[in-house]
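Visitor: I would like to learn how to read a few features in this model. Where do we start?

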Amino acid sequence: MARRENPEINAGSMADIAFLLLIFFLVTTTMNVDSGISKKLSEKPPADYVPPKIKEKNIFEVNLNFKNELQVEGERMEIKDLKDAAKAFIDNGGGVGKVEDGVGTGPCDYCRGKRSETSSDHPNKAVISVLSDRGTEYGVYLKVQNELLRAYSELRNRLSKERYGVSFDELEEAYKDDRDNADLKKKVEDIKNAYPQIISDAEPTSLGN
Amino acid sequence: MSKFRKKKKGMPAVNTASLPDIVFMLLFFFMVTTTMRETELLVENPRLPSATEVKKLEHKSLVSTIYVGKSKDPKYGTSYNKIQLNDKIATADDVPAFIINERTKVPENQQPFMTTSIKADRESNVGTITDIRLKLRDVNALKISYSASKGDNN
């Protein structure tokens with residue numbers, strides 16, 4: 001008796017099943033890469049907290065009104081010019097830095113600024129204060145924050161290139177991949193301490209509401 | 001003659017055996033690159049502002065998301081300042097409860113690394129964001145991330 005050939009299994013519905021699964025995943029999942037501007041909020045001050053006195057020249061005032069207009073240090077400015085103005089302020093280095101544990105950081109020897117008497121003393125003393133209105137558009141507010149961060153990262157990159165030959169972005173990237181590397185950690189901390197990001201958000205005004 | 005007539009067949013069936021393979025490939029691609037949608041959006045998908053200094057958010061399980069935007073349901077009004085927590089439209093006063101609830105899902109030693117991601121529409125107001133921020137500070141949720149898409153803005 002001749003052996004009968006195995007009948008072929010009908011796989012026609014396989015595609016349907018796979019499609020079903022595919023469509024299920026298409027519908028229930030999202031493909032967003034979550035990214036954003038990270039910020040660390042300051043802790044809630046105790047009731048009897050007295051804010052430290054900061055010299056007027058060490059504060060970089062950025063104001064945003066409810067019409068989304070930008071005012072920097074008392075003058076109108078376009079957002080595109082903000083980064084360079086902030087850089088000039090942070091990098092000014094017109095005096096000596098703050099004293100930590102009894103040891104002064106001394107004058108800023110890596111600053112390339114104009115060393116103007118009327119601008120900031122040292123990057124670790126320079127405070128950027130952003131005051132916005134409750135009615136300000138969030139998009140504009142974030143753009144301003146972004147420009148300020150860009151100023152810092154350009155300065156950090158420059159210093160990092162000078163000291164270690166690589167940009168700060170690359171340094172941080174390398175550190176992220178190799179958390180235990182003490183040498184890298186020291187470098188990252190060094191740059192971060194040279195240009196600490198001190199951006200404070202003032203309580204917003206409410207003229208727009 | 002009949003010999004030839006017998007040979008006349010219909011169109012041969014197109015071989016679709018590789019179709020499931022292709023679909024499976026697509027399926028796996030989507031399974032790998034996407035994440036499960038956690039909440040139904042009650043606000044219109046926020047048009048995120050674009051920024052250059054963005055950082056990727058890591059550890060999805062440590063991120064709690066607050067949406068701010070225009071409500072899809074007109075009964076909540078038409079402004080872009082509606083806050084969505086979990087599956088409902090809420091006010092800034094509900095933020096602390098939301099954060100504390102999120103904290104219970106995370107082991108204690110991971111809690112300091114929890115991040116709150118604020119996904120707000122470009123046209124929402126800074127006031128709303130400030131309200132959220134003050135409430136976050138009250139419950140010591142200090143790490144926040146303003147969600148933004150990567151792009152150059154000049």
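Visitor: Is A:Asn68 buried, partly exposed or exposed?

Guide: This is a predicted model. A:Asn68 has 27% relative accessibility, so A:Asn68 counts as partly exposed. A:Asn68 sits in the loop between strand E3 (59-64) and strand E4 (70-72) of chain A.

Visitor: What is the phi of A:Asn68?

Guide: Most residues other than glycine have a negative phi. The phi of A:Asn68 is near 65°, a positive value in a residue other than glycine. A:Glu73 is another case: its phi is positive too, near 50°.

Visitor: Where is A:Glu73?

Guide: A:Glu73 lies in the loop between E4 and strand E5 (75-76) of chain A. A:Glu73 counts as partly exposed because its relative accessibility is 40%.

Visitor: Now helix packing. At what angle do H2(A) and H3(A) pack?

Guide: Two packed helices are described by the angle between their axes and the distance between the axes. Helix H2 (residues 79-90) of chain A and H3(A) pack at about 40°, and their axes are 8 Å apart. H2(A) is therefore oblique to H3(A). The crossing is right-handed.

Visitor: Which residues make that contact?

Guide: From H2(A), they include A:Ile79, A:Leu82, A:Ala86 and A:Ile90. From H3(A), they include A:Val144, A:Leu148, A:Ala151 and A:Leu155. By class, the contact of H2(A) with H3(A) has 10 nonpolar, no polar and six charged residues.

Visitor: How do the axes of H4(A) and H5(A) cross?

Guide: Helix H4 (residues 168-177) of chain A and helix H5 (residues 182-194) of chain A have axes that come within 10 Å and cross at roughly 140°. That angle makes H4(A) oblique to H5(A). Here the crossing is left-handed. Among the residues that meet are A:Phe168, A:Leu171 and A:Tyr175 in H4(A), with A:Leu184, A:Val188 and A:Ile191 in H5(A). The contact of H4(A) with H5(A) has seven nonpolar, no polar and four charged residues.

Visitor: How many residues are in the largest nonpolar core?

Guide: In soluble globular proteins, nonpolar side chains tend to be buried together. The largest nonpolar core here has 61 residues. A:Phe60, A:Ile128 and B:Tyr146 have the most contacts inside it. Helix H3 (residues 138-164) of chain A gives the largest share of this core, 11 residues. A second, separate core has six residues, including A:Ala18, A:Phe25, B:Val23 and B:Leu27.

Visitor: What does A:Ile128 touch?

Guide: Leaving out residues up to four places away in sequence, A:Ile128 touches, among others, A:Phe60, A:Phe89, A:Leu148 and A:Ile198.

Methods
Residues numbered from 1 in each chain as written. Chains lettered and ligands numbered in written order. Predicted model: local features only at pLDDT ≥ 70, side-chain atom pairs only at ≥ 80, totals over all residues. Heavy atoms only, no water. Axes fitted to C-alpha atoms, helices over the stretch in contact; angles between N-to-C directions. Helix = DSSP H or I, 4+ residues; strand = E, 2+ residues; numbered from the N terminus. Parallel < 35°, antiparallel > 145°, perpendicular 65-115°, else oblique. Left-handed = near helix turned anticlockwise from the far one by under 90°. Contact = heavy atoms within 4.5 Å. Nonpolar A, V, L, I, M, F, W, Y, C, P; charged D, E, K, R; others polar. Core = buried A, V, L, I, M, F, W, Y, C linked by side-chain atoms within 4.5 Å. Buried < 20%, exposed > 50% of the residue type's maximum accessible area, 1.4 Å probe, protein only.
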